[in-house]
Amino acid sequence: MFRLIPREEKFFDFFKEAAGNILEGAKVLIRMTDEQGGDLQERWKQLEEFEHEGDKITHQIIRKLNRTFITPLDREDIHSLTVALDDVMDLIEAAAARMCLYKIKQSTEEARKLAQLILKSAEEIVKAVSNLERMDDVMEHCIEINRLENMADDVSREAIAGLFDSVHDPIDVIKWKEIYETMETATDRCEDVANIVESVALKNA
Amino acid sequence: MFRLIPREEKFFDFFKEAAGNILEGAKVLIRMTDEQGGDLQERWKQLEEFEHEGDKITHQIIRKLNRTFITPLDREDIHSLTVALDDVMDLIEAAAARMCLYKIKQSTEEARKLAQLILKSAEEIVKAVSNLERMDDVMEHCIEINRLENMADDVSREAIAGLFDSVHDPIDVIKWKEIYETMETATDRCEDVANIVESVALKNA
Amino acid sequence: MFRLIPREEKFFDFFKEAAGNILEGAKVLIRMTDEQGGDLQERWKQLEEFEHEGDKITHQIIRKLNRTFITPLDREDIHSLTVALDDVMDLIEAAAARMCLYKIKQSTEEARKLAQLILKSAEEIVKAVSNLERMDDVMEHCIEINRLENMADDVSREAIAGLFDSVHDPIDVIKWKEIYETMETATDRCEDVANIVESVALKNA
């Protein structure tokens, strides 16, 4: 369709880039919970680079928002989705940071499960954000992200309760409780993305 | 008044339903902090059902939003109020879950006080949400919810400081600190509801 | 410029007042982390007064919003900025409260660093909010607040990891972890303010 003032569609590309970046980050986190210690530090560095990449995308979107006359979505929705995607990447890096800084020697089954739920949420974010431009099949991915967050909440609760039963050093309890909570918070931030996407889809229905 | 395209007013009924559901949940939480152990597991199951009921209401609202042409409030306000009400119910269930999963044998005076503040906040949410349709006397209930959140914050702070003085097993300190914080967070989520209702009332004043 | 219905500009004065109040609070927090115990209780009382002052400003803005016909910014933006500024003051007081309630005898280097980052963020908030009326040079202050939050996140992570290495009593670990997290959360709330200001600036660009 011909438009006198073309609508800037580049925003959707940026969102896809941010989502793809999150997905790559989630894959690194999986590797951190799979392997036996050793390379943790190396993986964390990778995640810090993904986080900086995320920051760069965020700044590009904000700059473009500043210079764009007609946006394809409301300006404040573009802004809040950008911030929410950035937060997901930050939380993935935060979980990795805690594993390193707390000198975790051996990962746990529960950490692996949580990393997998983060990965699945990241995959759904990629799909939801990719469909945003055509406003097509967005809702189902948002519902799935909500379901994954509920599952992560259950896993993290049981994992923390398990620490009280099986771990004897209170310091280790504190460390793992914090790691599980940080991973669970990553899925909360995914849910924030889903809620914003859902709200945008409803508004532009 | 006659309208060519009738405005869908069912949303207000849904909000009242979600608020009523929260109120019932808060009553169960009171019983959990009143009784001596025993039925905790049974009560938690009840709260899980309330939580699922809340999820159902949330999905009904989203579906109706999708199919409604003229909404009585801005679509994004209906959406964010729905999400906020759902969050309150989630947090009440989360507090109960922790009491069960951490195998708490005996409740405390402070847990009872916090449950009572959650109950009072729930009652104010029912009133605020019921008045939303007529935009009448909404503000005073929002102010009261803010006041109750401040009180819950004080109770939870003192309760946690008290743990450090009187509880000797660090594991028990960690457990109760988490339970108090979760209950306090429930009142934070009530405050989120109040802030959204307040904002909606201001916009539609 | 002549306007038939004058726009109420008093909101910007209120924002500046709230920001100035936060800055004064941040200065007291610095003193609490500088000194050796003793006056902590006295400082905390001061911060409670700043918090009440913040509440008063919040209520004045809400009341004025209710009685104002033409607002200089969207009503919901004025509301959410007001709530966000109030949250920053609350968190500064919350950090001070924990230092007192947990009977901290001696501050740490890390607490001092975090208090300094809070102070710098408060200074940037004052500048961002002061420039809001002319929508001038707002962005750079928002970016700086984001940078300071990242720094606070790093300091708090390292500080908590350091506790695990050097503090032997788990109760002391729990206390300081909570204090560092509360101070870090204060900078998160500063970032929320920055995000809202940024969004408002983009919308009114």
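The points below go through a predicted model, from the single chain to the contacts between chains and then to individual residues.

1. Fold of chain A. The secondary structure of chain A consists of six helices and zero strands, and the order of its elements from the N terminus is accordingly α-α-α-α-α-α. Among the contacts in this chain between residues at least 6 apart in sequence, 85% link residues that are at least 24 apart.

2. Dimensions of chain A. The C-alpha trace spans about 70 × 30 × 20 Å along its principal axes. Of the 205 residues in the chain, 47% count as buried.

3. The nonpolar core. In soluble globular proteins, nonpolar side chains tend to be buried together. In this model the largest nonpolar core has 200 residues, and those with the most contacts inside it are Ile92 and Val197 of each chain, namely Ile92(A), Val197(A), Ile92(B), Val197(B), Ile92(C) and Val197(C). With residues up to four places away in sequence left out, Val197(A) touches Leu81(A), Ala128(A), Val129(A), Leu132(A), Val138(A) and Cys142(A).

4. The contact between chains C and B. Chain C contributes 13 residues to this contact and chain B contributes 13 residues. On the side of chain C that touches chain B, the elements giving two or more residues are H2, H3 and helix H6 (170-203) of chain C, and the largest share, six residues, comes from H3(C). By class, the residues on this side of chain C divide into eight nonpolar, two polar and three charged.

5. The contact between chains C and A. Here 13 residues of chain C are in contact with 14 residues of chain A. The elements that supply two or more residues to this side of chain C are helix H5 (138-166) and H6 of chain C, and H6(C) gives the most, with eight residues. The side of chain C that touches chain A has seven nonpolar, two polar and four charged residues.

6. Relation between the copies. Chain C is superposed on chain A by a rotation of 120° with 0.0 Å of shift along its axis, at an RMSD of 0.0 Å. The two copies are thus related as by a three-fold rotation axis. In chain C, the C-alpha nearest this axis belongs to Pro170(C) and lies 3.7 Å from it. Only 15% of the interface residues of chain C are also interface residues in chain A, so the copies meet through different surfaces.

7. Two loop residues with positive phi. Asp137(B), a residue other than glycine, has a positive phi, near 55°. Asp137(B) is placed in the loop between helix H4 (109-131) and helix H5 (138-166) of chain B, and it counts as exposed because 12 other C-beta atoms lie within 10 Å, where 12 or fewer is the cut-off. In chain C, Met135(C) is likewise a residue other than glycine with a positive phi, near 50°, and its place is in the loop between H4 and H5 of that chain. Met135(C) has 14 other C-beta atoms within 10 Å and is therefore partly exposed.

8. His59 of chain A. His59(A) belongs to helix H2 (residues 40-67) of chain A, and with 14 C-beta neighbours inside 10 Å it counts as partly exposed. His59(A) and Tyr180(A) are 121 residues apart in sequence, and their C-alpha atoms are 30 Å apart in space.

Notes:
Residues are numbered from 1 along each chain as its sequence is written. Chains are lettered from A and ligands numbered from 1 in the order in which they are written. This is a predicted model: local features need pLDDT of at least 70, side-chain atom pairs count only at pLDDT 80 or more; totals for chains, interfaces and linings use all residues. Two residues are in contact if their C-beta atoms, placed from the backbone, lie within 7 Å. Helices (H or I, at least four residues) and strands (E, at least two) are DSSP runs, numbered from the N terminus. Ala, Val, Leu, Ile, Met, Phe, Trp, Tyr, Cys and Pro count as nonpolar, Asp, Glu, Lys and Arg as charged, and the others, Gly among them, as polar. Copies are superposed by least squares on the C-alpha atoms of residues with pLDDT of at least 70 in both. A residue is buried if 20 or more other C-beta atoms lie within 10 Å of its own, exposed if 12 or fewer, and partly exposed in between; C-beta atoms are placed from the backbone. A nonpolar core is a set of buried Ala, Val, Leu, Ile, Met, Phe, Trp, Tyr and Cys residues joined through C-beta atoms within 7 Å.
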